[in-house]
Amino acid sequence: MTDTHAEDAAPARVSQRTLGSGEFAMPVSTLGFGVMGMNYNRGPHPDRAALIRLLHQAVNRGVTLFDTAEVYGPHVNEELAGEALARFSHRIAITTKFGHRIIDGQYVAGELDSRPATIRRVAEASLRRLRLDVIELFYQHRLDPAVPIEDVAGTVRELIHEGKVKRFGLCEVGVDTIRRAHAVQPVTAVQSEYHLMWREPEKQVLPALAELGIGFVPYSPLNRGFLGGDINEHTRFDSGNDNRNTLPRFTPEALRANLAVVEVLNVFGRTRGMTGAQVALAWLLAKGQNIVPIPGTTKLAHLEENLRAAHFALGATDVATLEQEVSKIGIVGERYPPEQQRQVAS
Ligand SMILES: NC(=O)c1ccc[n+]([C@@H]2O[C@H](COP(=O)([O-])OP(=O)(O)OC[C@H]3O[C@@H](n4cnc5c(N)ncnc54)[C@H](OP(=O)(O)O)[C@@H]3O)[C@@H](O)[C@H]2O)c1
């Protein structure tokens, strides 16, 4: 006997949300795809053909927001995104970022560069690597204290007038920076870390974004895989291509202590038919209609699982229950080491 609903056999499909407002609004899928970890900072990965196939499978499931940056690699991640996705540019958006110092193809750790001439040079180079005529959303990756944000916003505004960029975004900035930038060039989205183990954006940034009609893109929405439950104190991040071995929350001691959060997600999900990763993503989606998380993966199974998170709508009581349970746990380890912490607003 078969008792199969039509949707059980079909691939996951994802609905739509809008980042930003007015002239610079951007309709996107409710969940985007973080391309970074496919070949940068997330350890061993499948070969290029498999990665390109997975990106096509994401397009086929309705994902229209793909996130990369010049510094990922540097360059190899944009090249992958361009090779796989440029042919779909009439129906998807590849977003990218400028702002780290890169010399002769090498990332200069800790140094930032948002000088107007650099932004212009990066835009041209990113367009070439992405095989595009226009960048749908161009983010500043980290605030450069040496360049007033008005000059950064003004440069992106010029690129918009020249038809090379469509929209402007910021990453990991405080409210004052957001307001100053937005006054020069309306901001479509702010991208910052946000998940059940890092809720700082709720204090000031999310209310300001709601007031200004700006979208929010939580990066590392599964806390770099941790909230998916496949990582524990025995996991090694020593491939030479994995920054988690530099992050205080990924020491064996921190992982052991913080697994209590994963257990909360699993317990919560068990009676609702959700996996821990789905609980983590559904919680983000419930925090605001202007929120579009960008989980990354190298696996079709995880892509399917993550997209189906949008099929669950958590109500206010669910959200409160979850937050209450997680708040009982003392999170161990900072999210960044000191030199990277200095580059983020909080
Ligand atoms: N603006 C910024 O400063 C900034 C900083 C960091 C990241 N980002 C952006 O955010 C995107 C995502 O961030 P991220 O890669 O750091 O973190 P993430 O999306 O929280 O986690 C990615 C990791 O989670 C694993 N994963 C995915 N789905 C899973 C599931 N259902 N169950 C268990 N594990 C799962 C993936 O491994 P598998 O391959 O095994 O699935 C991958 O290693 C990046 O691609 C990048 O575009 C932006």
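The model is predicted, with local features needing pLDDT of at least 70 and side-chain atom pairs counting only at pLDDT 80 or more, while totals for chains, interfaces and linings use all residues. Residues are numbered from 1 along each chain as its sequence is written, and side-chain values use heavy atoms, with hydrogens and water left out.

I then turned to the nonpolar cores, sets of buried Ala, Val, Leu, Ile, Met, Phe, Trp, Tyr and Cys residues joined through side-chain atoms within 4.5 Å; buried means under 20% relative accessible area (1.4 Å probe, protein chains only). The largest has 103 residues, and Phe33, Phe66 and Leu85 touch the most other members. Helix 9 (residues 276-286) supplies the largest share of this core, 8 residues; helices are DSSP runs of H or I, at least four residues, numbered from the N terminus. A second, separate core has 6 residues, including Met36, Tyr40, Ala69 and Tyr72.

**Ligand.** I listed 32 residues around the ligand, with Asp67, Thr297, Thr298, Lys299 and His302 coming nearest; a residue is listed if one of its heavy atoms lies within 4 Å. Helix 10 (residues 300-308) gives the most to this shell, 3 residues. I checked the polar contacts (N or O atom pairs within 3.5 Å). A polar side-chain atom of Gln191 is 2.9 Å from a ligand nitrogen atom, and for Asn306 I also read 2.9 Å from a polar side-chain atom to a nitrogen atom of the ligand.

Technical notes:
A polar contact is a pair of N or O atoms within 3.5 Å; within protein, one must be able to donate a hydrogen and the other to accept it, and residues adjacent in sequence count only if both atoms are side-chain atoms. Helices (H or I, at least four residues) and strands (E, at least two) are DSSP runs, numbered from the N terminus. Buried means under 20% relative accessible area, exposed over 50%, partly exposed in between (1.4 Å probe, protein chains only).
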